[in-house]
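Let's take a walk through this model together, one stop at a time. Keep the sequence and the 3D view side by side as you read.

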Amino acid sequence: MTDPEPSPAAVSAPDSRNLVMRIAAAAVLIPLAVAIAYAGGWLWAALVTLAAIGLFVEWLAIVGLAGATRVIVPGVAALALGGVCFAIGRLDAALIVLGIGFVAVVSIAPERRNWAAAGFLYAAAAEIASVLVRLDSVKGFAALMLVLLIVWVTDSGGYFAGRGIGGPKLWPRVSPKKTWAGAVGGFAASLAVAGGFAAFDLGRIGPLLMLSATLSVASQLGDLFESAVKRRFGVKDSSHIIPGHGGLMDRLDGFVAAVVVAALFGFLRGGADGVGRGLMVW
């Protein structure tokens, strides 16, 4: 005797609960992130530092180094001390500290050294880029909000377009649930952000469309990159710290890629203290 097929309602119930948790978590976390981003200064540096530490620890857990205390301690210490340097405006000292931390992690890692090094670089890049984008006192907040909004709408647009339209999978071997429809939907939503910024006279529409398109693609590639790392080690979620989202890496994978690309682009145009202007002023 075979078991009866589950009803559509029974199948969709977990998805519905997950969506409710995602919305509830976003309703709390997004206003908090925006408020701290607006405050900037040491508050933003502190939030970024805590996030970078979380990313590093979760990465080590994914690659099987969760118990490697002698790798975790110097890596976390370097990220924390680097954050203190960022908070007091010592960018040079922060980069030196993070460089020493990288050498320490590579030297001490007992196994999977390359993966440990990659995890530290991933967390450190997120920390550095997030601080640099917000650093400009005039355009830093606008630039950071541009990055955040593009990542958020790319993720949300992709989620709803993918579920509502479905169709061919984007990269089934890496991320079985992602579809081309979701990718296009998230990309289209990011262009709407560019239009909104232009409408409020926060930049020129042409450059904003180019930036939005680039950062949306970067965000989606960052998501796929994290999925590939998790699949390589047979891990579903980086952790369960955020209801409906999993871990920090699950929530910030797209942001890390987008903010690093944004920081590099802004740095090339405006220098270390003018990343925001480099992104927003054309």
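Predicted model: local features only at pLDDT ≥ 70, side-chain atom pairs only at ≥ 80, totals over all residues.

Residues are numbered from 1 along each chain as its sequence is written, and side-chain values use heavy atoms, with hydrogens and water left out.

Is aspartate 223 buried or exposed? At 17% relative accessibility, aspartate 223 counts as buried, because buried means under 20% relative accessible area, exposed means over 50%, and partly exposed lies in between (1.4 Å probe, protein chains only). Leaving aside neighbours within four places in sequence, aspartate 223 is in contact with Lys178, Asp253 and Gly254, where contact means heavy atoms within 4.5 Å. With lysine 178, the side chain of aspartate 223 makes a polar contact of 3.4 Å. A polar contact is a pair of N or O atoms within 3.5 Å; within protein, one must be able to donate a hydrogen and the other to accept it, and residues adjacent in sequence count only if both atoms are side-chain atoms.

Now turn to helix α7, residues 180-199. Its 20 residues reach 29 Å from the first C-alpha to the last, close to the 28 Å expected at 1.5 Å a residue; the expected span is 1.5 Å times one less than the number of residues. The buried residues of α7 are Ala181, Gly182, Ala183, Gly186, Ser190, Val193, Ala194 and Phe197. What covers these buried residues? The cover includes α6 (140-165), β1 (169-171), β2 (175-179), α8 (205-232) and α10 (275-280).

Next comes a point about the backbone. Most residues other than glycine have a negative phi. Aspartate 201 sits in the loop between α7 and α8 and is exposed, with a relative accessible area of 68%. Arginine 112 also has a positive phi, of about 45°, although it is not a glycine. Arginine 112 is found in the loop between α4 (91-108) and α5 (113-135), and is partly exposed at 40% relative accessible area.

Our last stop is valine 84, in helix α3 (residues 69-87). Valine 84 is partly exposed, with a relative accessible area of 47%.

How values were computed
Helix = DSSP H or I, 4+ residues; strand = E, 2+ residues; numbered from the N terminus.
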